[in-house]
Amino acid sequence: MAMAAVAESIQEDPDDKAFLEIRKWFFVKLPVKEIMKKKADWLKELCQEDQKMLLDHTLRSDICKKFPVAFDYQQKFVKTWIQLMEDNNTEVEDVIYETYTTLISAQSVIQEINYKTFLLPDGKELILEESVYMLSNGTTGLQIWPAAFWLAEWILENKGEFKNRSVLELGCGLGFTGLVASMSCEIKEYILTDWHVKVLQSLFSNLCLNLRLRKYDNCTMCEQCFQKFSSSSSENWDRACNVMKNGGMDKTQDGTILGSDENEMKSSLNKKEEAAVEVNDSRQENRNLEGSINKMSASDHGDGDVDCNIFEGDSHRNVGKNTAVDCFNKYEESEKVNKHLNETSRIHFASLDWEEKNSEIKVSVSPDIIVAADVIFEPKLISPFVETLKAFATNAIGDMAIYVASSVRSQQTVDQFVKEIDAAGFVLQEISGPSSEVFVYDRSCPMKLFKIETKSSVKENQLI
Ligand SMILES: C[S@@+](CC[C@H](N)C(=O)[O-])C[C@H]1O[C@@H](n2cnc3c(N)ncnc32)[C@H](O)[C@@H]1O
């Protein structure tokens, strides 16, 4: 059983720190050269038994079979390791050569999606599907960005701030920050939002993966959001549902998944090749999907006030707007939306486009806290983002705090953000980021964390 297998592999962790570290790095795709820098001396001298053990806890583990790390990464990892041992005259286990040979045959596979597995401080595992490309399908949201990790680390250090609060995330991408926060803090509810159809699909897969396939007691996915999204009846949603049904995307028809013997693995890779052809075909499908989403939205509401415009607007939005997956926006009247929020617990997700002025969600949801990571990157998007914050602040019932974490790639862009925030009547202060490192990611870019409040809430807090 998928759940049992995943749990089993968590418990089976080897004691040795080096095994654990390499396993942790492998599953988050730490660059192979970084792994070698840290552990080459240890890796090059492993006895054959330990070589097998390392392989069993990385490439041949249950998690990697079900939720494979990118094949090119796996291949590079094994190749570099073999080279290291050969140069050291260490006898290399046959199974390592076999694994490498099998991976070479995966080279031709177009792998658009791969997985990363993160270990949270309390031992929970978070598995996320991610695109292999930083920019794909016209969006930046199909990979986890550094500020998402950084903000998640800060949230883990400030759990009290989030206890029993209603949190809304803007431009959530694949859902990393939201899932960490929801799985680790006693949050009343967490509403993940993004606008891009592809991002929402992957987000849905990730929510299913972590909250339905593998359940954690303290964290549930809103059933209404789930039903609404999965009933949008497009084959594209099936991908996410298959993750749930099969306990992994790469399960073959006959039930084998990147198995531990070579034939099993090859058979699965062949299926992947077939799937790759389908990926190409599905590009057309994606375009159709937007049409079908559109139709669905219209028929779903039947009230004529559905925004049916797709393929409109400027270049960064040319993938089309997604309205069907939005279980708040134009789904019910605002009172019902609020009722829905109160009745069901924990994680909700919705489509929210900062550029859409009349978005229902902006007036119907009153979060206590808004968070956003790595959303200050495109000067054109700053105004609509700030306008969105303003809309939520205007409708806020009580005090609302906003936390924006950002990598500083361009000081000019950050300065523009600060200026627009000020002009919008907010008070902004830069606060300290996390003090400890929990996740493995590229920390080379400087980060800033801003706390943004309305002037009135700052005044009230000063009076207290
Ligand atoms: C650089 S990515 C960051 C994603 C995620 N927060 C992270 O840090 O991994 C920027 C995100 O903003 C979203 N985004 C861009 N334009 C948007 C818009 N007009 N409305 C809502 N979200 C938008 C993208 O879809 C993408 O997920």
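Start by selecting Ser 359, which lies in the loop between strand S5 and helix H16 (360-364). Helices (H or I, at least four residues) and strands (E, at least two) are DSSP runs, numbered from the N terminus. Is Ser 359 buried or exposed? Ser 359 is buried, because 24 other C-beta atoms lie within 10 Å. The cut-offs are these: buried takes 20 or more other C-beta atoms within 10 Å of a residue's own, exposed 12 or fewer, and partly exposed is in between, with C-beta atoms placed from the backbone.

Two notes before moving on. Residues are numbered from 1 along each chain as its sequence is written. This is a predicted model, where local features need pLDDT of at least 70 and side-chain atom pairs count only at pLDDT 80 or more, while totals for chains, interfaces and linings use all residues.

**Zoom out**

Of its 464 residues, 42% count as buried.

**The sheet**

Next, colour the seven strands that form an open sheet, in the order S5-S4-S3-S6-S7-S9-S8, with mixed pairing. Strand S5 (346-351) and strand S8 (426-431) stand at the edges with a single partner strand each, so one side of each has no neighbour in the sheet. Two strands pair if DSSP finds at least two bridges between them. On average, neighbouring strands here are turned by 20 degrees against each other, direction ignored.

Zoom in on S8 and strand S9 (residues 447-454): they run antiparallel and are joined by six bridges. Click Val 427, and you'll find its bridge partner, Glu 453, in S9.

Now hop to strand S3 (166-170) and strand S4 (189-194). S3 and S4 pair in the parallel sense over four bridges, and Ser 166 stands opposite Glu 189 in S4. How many of the six residues of S4 are buried? Six of six. In a regular strand, the side chains alternate between the two faces of the sheet. In S4, Glu 189, Ile 191 and Thr 193 are on one side and Tyr 190, Leu 192 and Asp 194 on the other, and both faces are covered.

**Helices across the sheet**

Select helix H10 (residues 176-184), where nine of nine residues are buried. H10 lies across S3, S4, S5 and S6, running at about 175 degrees to S4. Such angles run from 0 to 180 degrees between N-to-C directions, and the axes are lines fitted to C-alpha atoms, for helices over the stretch in contact.

Then pick helix H8 (146-157). H8 lies across strand S6 (369-373), strand S7 (401-407) and S9, at about 135 degrees to S7.

**The core**

Which residues touch the most other members of the largest nonpolar core? Leu 151 and Ala 152 do, in a core of 101 residues. A nonpolar core is a set of buried Ala, Val, Leu, Ile, Met, Phe, Trp, Tyr and Cys residues joined through C-beta atoms within 7 Å. Helix H11 (residues 197-213) gives the most to this core, with ten residues.

Click Ala 152 and look for Phe 176, Thr 177, Val 180, Ala 181 and Phe 439, the residues it touches beyond four places away in sequence. Contact here puts two C-beta atoms, placed from the backbone, within 7 Å.

**Two contrasting stops**

Select Cys 219, in the loop between H11 and helix H12 (223-230). Cys 219 is buried, because 21 other C-beta atoms lie within 10 Å. Leaving aside neighbours within four places in sequence, its contacts are Ser 182, Met 183, Leu 211, Arg 346 and Ile 347.

Now jump to Asp 87, in helix H6 (residues 71-87). Asp 87 is exposed, because 10 other C-beta atoms lie within 10 Å. Its C-alpha atom is 8.3 Å from that of Lys 44, 43 residues apart along the chain.

**Last stop: the ligand**

Show the ligand and the 25 residues around it; Gly 141, Trp 145, Ala 148, Gly 171 and Gly 173 come nearest. A residue is near a molecule if its C-beta atom, placed from the backbone, lies within 6 Å of it. H8 and helix H17 (379-395) each supply at least two residues of this shell.
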